[in-house]
Amino acid sequence: MIEILLGSLLAVWGFTEAVDTRTVPEGGVNVSHGMTVAGPVRESVVVEPLSQLKYRNVVRQAYDYSCGSAALTTVLDYYLGLNLDERQVMEGLLHYGEADKIAERRGFSLLDMKRLTAALGYQSGGFRADFQDLVTLEHPAIVPIEYAGFKHFVVLRKVQEGRVYVADPALGNISFTQTRFQDVWDQNVVFIVYPGERPPVNALALSDADMRLVDDRTTSLLAFREFPVLAKFTENQATEIGSAGQLRETHYIRRK
């Protein structure tokens, strides 16, 4: 009897050593790190799907024409630490911006963004810059790009080691080579919202997970997969979406 009991205990011990029977947290897996003197070391690791990682700290645009409101919401939430959703920002842009022109061009301008951020108590401004200004920029910036045949707003997070990392409301966190970014950067315009005296949260700062490279071919394929209708736009229609052409205040960044 004792032999049977001991055999059963040894069988259970062997099974638990070979198979991790602990409850796995939602979104996690149990990982073994090999044998040590005390046996295998196991831990639970939360696995984040790539689809979520790609849009981490990025407000994804709800509509084809809302890249401007999504980009601004990304800056307000993940740089300044506000807790707004895109609909609230869209309503604010319509209220403080030029509603008639917004409806006509089916998109928001940098002037609309400036008026809303002023109403929220923040200073902001649109500037013309060269690439070296972006390298030394201390704040995230909303920049217009012309890509895949349409105009679009993205959030410039940082320039590092020859690549430009952006939070794209349509494609998520992506990067460009310097040469490619300069090709698509529209009118060399940047729009900055300043945090003022309150220190920013700056969840848009680069992390190790952002140090992956996304080549231009992959970015192009993603763009047409996410928004296939873009491929059918006429050139005239495309220039109206997310246009920065309404920017009335343009200055040049002064280098220190």
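The lining of the second largest pocket divides into 9 nonpolar, 2 polar and 3 charged residues. Here Ala, Val, Leu, Ile, Met, Phe, Trp, Tyr, Cys and Pro count as nonpolar, Asp, Glu, Lys and Arg as charged, and the others, Gly among them, as polar. This is a predicted model: local features need pLDDT of at least 70, side-chain atom pairs count only at pLDDT 80 or more, and totals for chains, interfaces and linings use all residues. Residues are numbered from 1 along each chain as its sequence is written, and side-chain values use heavy atoms, with hydrogens and water left out.

**The pocket**

The second largest pocket holds about 170 Å³ of space. Of its 14 lining residues, L137, E138, H139, R157 and K158 are the closest to the centre. The largest share, 4 residues, comes from β5. A pocket is an open set of points on a 1 Å grid over the protein atoms alone, where a 1.4 Å probe fits, with protein on both sides within 12 Å along at least five of seven lines; lining residues have an atom within 4 Å of a point. Grid points are joined across faces, edges and corners, and the volume is the space filled by probe spheres set on the points.

**The whole protein**

The protein has 10 helices and 9 strands. These are DSSP runs, numbered from the N terminus: helices are H or I with at least four residues, strands E with at least two. Of the 256 residues, 41% are buried. Buried means under 20% relative accessible area, exposed over 50%, and partly exposed in between (1.4 Å probe, protein chains only). The protein exposes about 14400 Å², and carbon and sulfur atoms supply 54% of it. Accessible areas come from the Shrake-Rupley method with a 1.4 Å probe; for residues, only the protein chains shown count as cover. Among contacts with a separation of 6 or more, 65% join residues 24 or more positions apart. Contact means heavy atoms within 4.5 Å.

**Nonpolar cores**

The largest nonpolar core has 25 residues, of which L72, M113 and I142 touch the most other members. Such a core is a set of buried Ala, Val, Leu, Ile, Met, Phe, Trp, Tyr and Cys residues joined through side-chain atoms within 4.5 Å. At least two residues each come from α3 (67-78), α4 (86-96), α6 (110-119), β5 (150-160) and β8 (189-193). Helix α3 gives the most, with 5 residues. Another core lies apart from this one; its 22 residues include V143, Y147, V159 and V190.

M113 is in contact with G68, L72, L93, I142, F153 and F191, leaving aside neighbours within four places in sequence.

**Selected residues**

L204 sits in the loop between β8 and α9 (216-226). It touches N57, T74, V75, Y78, Y79, P140, V155 and R157, not counting residues up to four places away in sequence. L204 counts as buried because its relative accessible area is 1%. L111 lies in helix α6 and is also buried, at 9% relative accessibility.

Two C-alpha pairs are listed below.

| Pair | Positions apart | C-alpha separation |
|---|---|---|
| L111 and G125 | 14 residues | 8.8 Å |
| L204 and R56 | 148 residues | 9.3 Å |

Which loop holds Q187? Q187 lies between α8 (178-184) and β8. Its phi is near 60 degrees, a positive value in a residue other than glycine. Q187 is partly exposed, at 36% relative accessibility. N188 is found in the loop between α8 and β8. N188 has a positive phi of about 55 degrees although it is not a glycine. At 31% relative accessibility, N188 is partly exposed.
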